[in-house]
Structure formats: structure tokens, C-alpha cells
Amino acid sequence: MRGERAELPGVCHLRGHRAMSDGRLRTTSKPNKIKAGNTFFVPTPSSAHRLLWPILSIPFLALADRGVAVGHVVPGMVYLVGAGPGSADLITVRGLRVLQSADVVLTDALIAPELLAEARPDAEQLHVGKRGYCVGSTKQESINDAFVRLARQGKSVCRLKCGDPCVFGRGGEEAEVLAAAGIPFEIVPGVTAAVGALAAAKIPLTHRSVGPAVVLATGHHDPDSDDCTHDWEALARLPVVVFYMAVRHLAAIARRLESAGLPPGTPAAVIQSGSLPEQVVVTAELAAIADVAAGVVGPAVVVIGEVVRYRERLLGLVAAQTGVSA
Ligand SMILES: C[S@@+](CC[C@H](N)C(=O)[O-])C[C@H]1O[C@@H](n2cnc3c(N)ncnc32)[C@H](O)[C@@H]1O
């Protein structure tokens with residue numbers, strides 16, 4: 001049996017659960033009939049090993065028959081899961097299933113508590129968040145050591161990260177560590193903040209009448225320092241730029257873009273806590289955005305480009321239809 005859907009080479013699936021009406025999963029009493037599903041992963045043979053496969057697969061199938069497969073995860077495997085940008089229900093169905101099944105959950109900062117409540121009651125939860133400029137944060141090496149150690153103990157590990165794990169989330173680095181250590185892993189994508197926060201603010205990330213490209217950029221480094229390697233002229237030519245982690249350096253970012261040729265009247269918005277009840281959206285022209293958004297604290301994304309105008313347009317149309325202004 002071949003696992004067609006898996007990114008890992010040679011993987012097949014057994015089903016040992018059923019979905020409940022509330023979306024949670026329950027392990028079935030007669031699990032593990034082998035059929036295409038997505039619960040328990042078993043290495044499958046390459047053509048070279050096909051003859052040996054009936055023998056090699058016995059331990060895995062025996063485990064599955066004893067009900068060892070729990071929900072949608074495999075013992076000894078690490079899942080780099082995107083939790084989405086804020087609101088707990090913006091996680092993907094796949095991400096939620098992994099979270100609900102894993103033995104251990106390693107969580108970042110910015111994960112909604114309601115989402116963490118979805119973990120198995122007996123799952124170990126380790127909070128390894130990093131915030132802002134890493135003051136009081138868990139060192140990346142300790143996080144790497146933790147998930148490698150836990151996976152080697154045979155645990156299924158859900159590494160839950162805000163937004164998408166591989167968009168300014170070190171998911172790529174963590175995947176490298178896992179691959180180098182020989183630990184099987186899966187990357188479960190998430191809704192990144194540029195997508196989630198802009199949607200929540202009613203700003204379309206792209207619009208056909210505005211331009212054909214968008215760039216996601218970090219605003220973490222001081223634009224006037226050597227750590228910042230942005231090509232400001234290139235950024236200024238693009239129709240839409242979304243900056244992550246840019247609140248601290250917003251004034252300098254706006255100044256650099258203007259110096260690089262972006263008109264000072266270009267619309268800009270700062271979206272704080274996008275998709276959460278406490279969401280704040282501030283809009284202004286590029287030249288004024290840093291002053292107007294002076295009270296904003298992270299987490300926030302900054303979007304610069306003509307797409308920002310569609311927020312007012314959409315809100316105006318909604319108000320015209322409903323008589324209610326946002
Ligand atoms: C370390 S980066 C992680 C990005 C994340 N991996 C993603 O894909 O969204 C943290 C930054 O994401 C952005 N961010 C995360 N959640 C957000 C939210 N709910 N609203 C606005 N920005 C958010 C902010 O720029 C924050 O400083």
C-alpha cells in the first residue's frame with residue numbers, strides 16, 4: 001500500500017478514529033483497518049525494498065492493531081503546525097487534528113488559549129514562546145533540543161506556531177534540525193498574519209486593479225543598521241508591501257520608502273491583533289502613518305499600497321447597504 005498524500009517518501013495511512021459532531025476526533029474501538037486515510041503513518045517500500053516490506057511492516061501494523069495510533073499523529077514524529085494569526089478558529093482542519101492528537105504540544109507566544117484547550121487533556125504542554133526582541137524568550141537551541149529529545153522518546157510532538165510556521169516563524173530552521181537529526185516531520189501550513197490580519201481589516205492583499213505583486217517583509221531590524229538588508233528601491237517599486245514586526249521601526253521604514261521613491265501620499269495601514277476581538281486598524285498616508293499609529297503595540301502588521309483604499313471603499317459600500325458604519 002502506498003501513501004499518495006504524504007510529503008514524506010514512503011508513507012501510508014491507517015484510520016483509527018472517527019470525527020464527532022463537534023469536530024473532535026474519537027479513537028474507534030475497532031481501529032486500524034488499513035485504508036487510505038490520514039491517521040497512522042507507516043513507512044512503505046521503495047521498489048527496491050518491496051520484497052522485504054511484508055516483514056518490515058509487521059511492527060508498525062502490530063502497533064496500529066493494538067490501537068497505538070492516536071488520532072492523526074504518529075509516535076516519534078514532529079509536526080510544525082501553523083495556528084493562524086490570532087483567532088483560534090483560523091487554524092486549518094489538519095492543524096487542529098494534529099493538535100488534538102499529539103502527546104506533547106510546544107507552543108509559541110501569540111497562541112490563543114482556546115486553541116491550547118483543544119490539546120489532549122493528558123498532553124504535556126511546553127511554552128517556548130519568543131516575543132519582540134527575545135527578552136525573556138526561550139533560546140532556539142533549547143527548543144530544538146526539546147523536540148528532538150521528545151520525538152526520540154517516541155512521542156508525537158505538535159510544535160504550534162503562530163500564523164504559518166515558515167513565514168517569519170523559523171519553521172524552515174526547525175525543519176532543518178529535524179531532518180539532520182533523522183526525525184520524521186510534517187509542516188502543516190497556517191494562515192499567515194498578512195493574509196489573516198488584512199482579511200480581518202477588510203483589506204484585500206492583492207487586487208487586480210492595483211498591481212500584480214505583493215511582498216512580505218520583516219521590519220524587525222533598524223532600517224539604518226547593517227542588520228537590515230532590504231533593497232528599499234525594490235520595495236518602493238512594488239504595489240503592496242506587508243511588514244511584519246515593524247512597529248518599533250515604523251517611522252524609519254516610512255522614511256526609507258519615501259527616500260526610495262514611494263510617494264508620501266501612498267495609503268498605509270497598521271493592523272494590531274488582527275482577527276482578535278481587540279483588533280485595532282489605523283490608516284493614514286505613508287508620510288503620517290508612524291505618527292497616527294504611535295499608540296499601536298504588537299503584534300501588528302503594516303501594509304503599504306493602494307490596496308489599503310479598498311477598506312474605506314468596502315466599509316462605505318457596507319454602510320450604504322445596511323445603514324451601519326463600522
Ligand atoms: C515572529 S512573527 C511570526 C509570523 C507568523 N509566523 C505568521 O505567519 O504570521 C510575529 C509577527 O507576526 C505578526 N502577527 C502575528 N499575529 C498577528 C496578528 N494577530 N495581527 C497582526 N500581526 C500579527 C506581527 O507582525 C508579529 O510581530
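Predicted model: local features only at pLDDT ≥ 70, side-chain atom pairs only at ≥ 80, totals over all residues.
Student: What is the strand order in the open sheet of 5 strands?
Tutor: The order is 10-11-14-12-13, and the pairing is mixed.

Student: Which strands stand at the edges?
Tutor: Strand 10 (214–218) and strand 13 (280–285) do. Each has a single partner strand, so one side of each has no neighbour in the sheet.

Student: And what does the twist average from one strand to the next?
Tutor: It averages 20 degrees.

Student: How do strand 12 and strand 14 run, parallel or antiparallel?
Tutor: Antiparallel: strand 12 (residues 267–272) and strand 14 (residues 300–305) are joined by 5 bridges. Across that pair, Ile271 stands opposite Val301 of strand 14.

Student: Which helix packs on the sheet?
Tutor: Helix 7 (residues 193–200) does, touching strand 10, strand 11 (240–244), strand 12 and strand 14. The direction of helix 7 makes about 80 degrees with that of strand 14.

Student: Switching to the ligand, which residues come nearest?
Tutor: Gly86, Gly163, Gly169, Ala193 and Gly274, out of 24 residues around the ligand. Helix 7 and strand 14 turn up here too, each supplying at least two residues of the shell.

Student: Which domains does the shell draw on?
Tutor: At least three residues come from each of domain 2 (72–191) and domain 3 (194–314).

Student: How many of the shell residues are nonpolar, polar and charged?
Tutor: There are 14 nonpolar, 8 polar and 2 charged residues.

Student: Now helix 3: why is it described as largely enclosed?
Tutor: Because 7 of the 9 residues of helix 3 (residues 93–101) are buried, the rest of the structure largely encloses it. Among the buried ones are Arg97 and Gln100, along with Leu96, Val98 and Leu99.

Student: Backbone details next. Where is the cis peptide bond?
Tutor: Between Gly298 and Pro299, with omega about 0 degrees. Pro299 sits in the loop that links helix 10 (286–292) to strand 14.

Student: What is phi of Leu110?
Tutor: Phi is positive, about 70 degrees, although Leu110 is not a glycine. Leu110 belongs to the loop between strand 6 (104–107) and helix 4 (113–116).

Student: And what about phi of Met245?
Tutor: Phi of Met245 is near 50 degrees, again a positive value in a residue other than glycine. Met245 is in the loop between strand 11 and helix 9 (250–259).

Methods
Residues numbered from 1 in each chain as written. Pairing = 2+ DSSP bridges. Helix = DSSP H or I, 4+ residues; strand = E, 2+ residues; numbered from the N terminus. Axes fitted to C-alpha atoms, helices over the stretch in contact; angles between N-to-C directions. Contact = placed C-beta atoms within 7 Å. Buried ≥ 20, exposed ≤ 12 C-beta atoms within 10 Å, placed from the backbone. Near = placed C-beta within 6 Å. Nonpolar A, V, L, I, M, F, W, Y, C, P; charged D, E, K, R; others polar. Domains from an automatic or database assignment.
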